[in-house]
Amino acid sequence: MAGGSDFCHALSQRILLGASVRGAPGSLGSGCSDLGERRLKRLVLLLWCAGLGACATPPVPAPPPGAFFHDELFSAPSQRVEATEVFALSDAMKHYVHVDIAHELHSAGLARGLIEELYRPDRLKLDYDSAATRNAAQAFDARKGNCLSLVIMTAAFARELGLQVTYQSVVIEETWSRSDDLLFLNTHVNLTLGRRSIDSGRSYDADSLTIDFLPAESKFGQHTRQISEDTIVAMYMNNRSAEALARQQIDEAYWWARGAIAQAPEFQSAYNTLGVVYLRHGDLQAAEQVLSALLERDPQDKKAMSNLVIALGKLGRTEESSALSERLAQMEPYPPYHFFWLGTAAMERGDLRAAKALFQKEVNRADYCSEFHFWLGVADLGLGDMEGARQQLSMAMENSATTTDHDLYAAKLQRLRSYGAH
């Protein structure tokens with residue numbers, strides 16, 4: 001098992017270096033004494049991200065959004081934050097829809113023909129990739145995008161053809177992902193294409209078509225709520241803000257969150273993102289203001305509550321912070337990634353059996369998460385269970401949401417198989 005141990009160490013280093021806490025050592029090897037504090041910070045910095053997903057929170061009256069903006073605290077954005085660019089078609093997109101697939105659109109009908117040309121595996125060959133949120137032109141150029149990017153690109157083409165477009169927020173089971181100390185609640189949107197108004201009464205292209213990028217088995221019995229195009233644009237900007245936060249580009253994150261709120265003041269997730277921006281920037285009073293306002297609008301908002309615990313603690317309001325933390329613990333005794341952090345602590349102690357049991361708990365309640373499968377595989381490998389390690393790495397690869405992660409897990413799996421061959 002000498003080779004296996006080296007392999008386990010290499011995998012651990014790769015993941016841990018990518019999971020360092022801002023301002024903390026770059027691995028979990030700094031010891032266990034401060035693990036609980038670091039784990040708490042990771043758990044409570046929550047963002048609600050569309051595709052990264054969409055918002056399923058019913059609209060509620062919003063306070064004047066300008067009350068929460070502090071432009072003077074941030075450098076000017078390096079790129080324009082413009083709603084008009086979200087759905088804008090590039091010249092290549094216009095050529096594609098009016099020339100490349102014009103015959104197919106005429107033969108199959110506009111809506112059905114468009115969907116077949118965009119999403120049949122033998123046609124444009126678009127891939128799902130959650131690594132970044134792209135506008136319509138960027139998704140077309142890259143030939144890939146997350147749920148929200150693909151909705152935006154499809155809607156842009158449909159609008160160019162004069163088709164009616166309706167957007168839906170889809171209620172799905174909660175799924176979570178993370179980037180360092182940020183947790184993302186991933187939600188979902190889809191869209192429906194209808195006929196053109198000038199086609200009324202004609203026999204072709206008469207049906208509305210709903211396009212959804214979830215697997216078919218995930219869509220049974222799903223509930224939806226119609227949302228506006230302004231909300232879709234706000235979701236796009238909120239995602240861009242969250243992604244900038246993950247890259248530690250705090251100034252950029254501010255302007256995208258600000259743009260999301262200005263675009264759709266009723267979209268609560270953007271206020272939460274803005275609160276996290278202020279936390280990361282050290283503007284504690286501003287963070288407390290926006291997060292407290294969110295909690296007043298929805299006293300059950302666990303995301304705002306979690307982030308407000310941090311803001312109050314940093315402001316020295318320890319009694320308020322502790323009381324809110326206790327309330328949150330009663331609402332959610334085992335928050336997302338709870339057993340994962342305990343598992344990594346067990347790995348630090350060298351207690352692989354305890355680590356395996358804890359990672360297994362996370363897999364049992366969040367089988368979709370590639371990271372949980374990966375770490376369960378690392379624990380299996382450390383315990384000498386080569387077959388279990390291979391199975392978990394295979395599951396990590398199958399559940400990966402980005403091409404980068406997929407390729408990483410595939411390479412590690414191939415390396416593990418090569419060890420087993422010797």
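Predicted model: local features only at pLDDT ≥ 70, side-chain atom pairs only at ≥ 80, totals over all residues.
I took a salt bridge to be a side-chain nitrogen of Lys or Arg within 4 Å of a carboxyl oxygen of Asp or Glu. Residues are numbered from 1 along each chain as its sequence is written, and side-chain values use heavy atoms, with hydrogens and water left out.

**Entry: salt bridges**

I looked up Lys356 and found that it forms a salt bridge with Asp380, the closest N and O atoms being 3.0 Å apart. This pair links distant parts of the chain, since Lys356 sits in helix H15 (residues 352–365) and Asp380 in helix H16 (residues 370–382), 24 residues apart. For helices I used DSSP runs of H or I of at least four residues, numbered from the N terminus. For accessibility I call a residue buried under 20% relative accessible area, exposed over 50% and partly exposed in between, with a 1.4 Å probe and protein chains only. On that scale Lys356 is partly exposed at 28%, whereas Asp380 is buried at 4%.

I then turned to Lys303, which forms a salt bridge with Asp301, their closest N and O atoms lying 3.4 Å apart. Here Lys303 is buried, with a relative accessible area of 11%, and Asp301 is buried as well, at 6%.

Within helix H17 (residues 386–399) I noted Arg390 and Glu387, three residues apart, about one turn of the helix. Their side chains meet in a salt bridge at 3.4 Å, N to O, and Glu387 counts as partly exposed at 43%. Salt bridges that share partners also join Glu288, Arg317 and Glu320 into one network. My count by this rule comes to 13 salt bridges.

**Entry: helix H7**

I found H7 mostly covered, with twelve of its 14 residues buried, among them Leu148, Val151, Met153 and Phe157. Just after H7, Gly162 takes a positive phi of about 80°.

**Entry: cysteines**

I searched for disulfides, each defined as a pair of cysteine sulfur atoms within 2.5 Å, and the count comes to zero. Cys147 is buried, with a relative accessible area of 3%, and Cys369 is buried at 6%.

Conventions:
Helix = DSSP H or I, 4+ residues; strand = E, 2+ residues; numbered from the N terminus.
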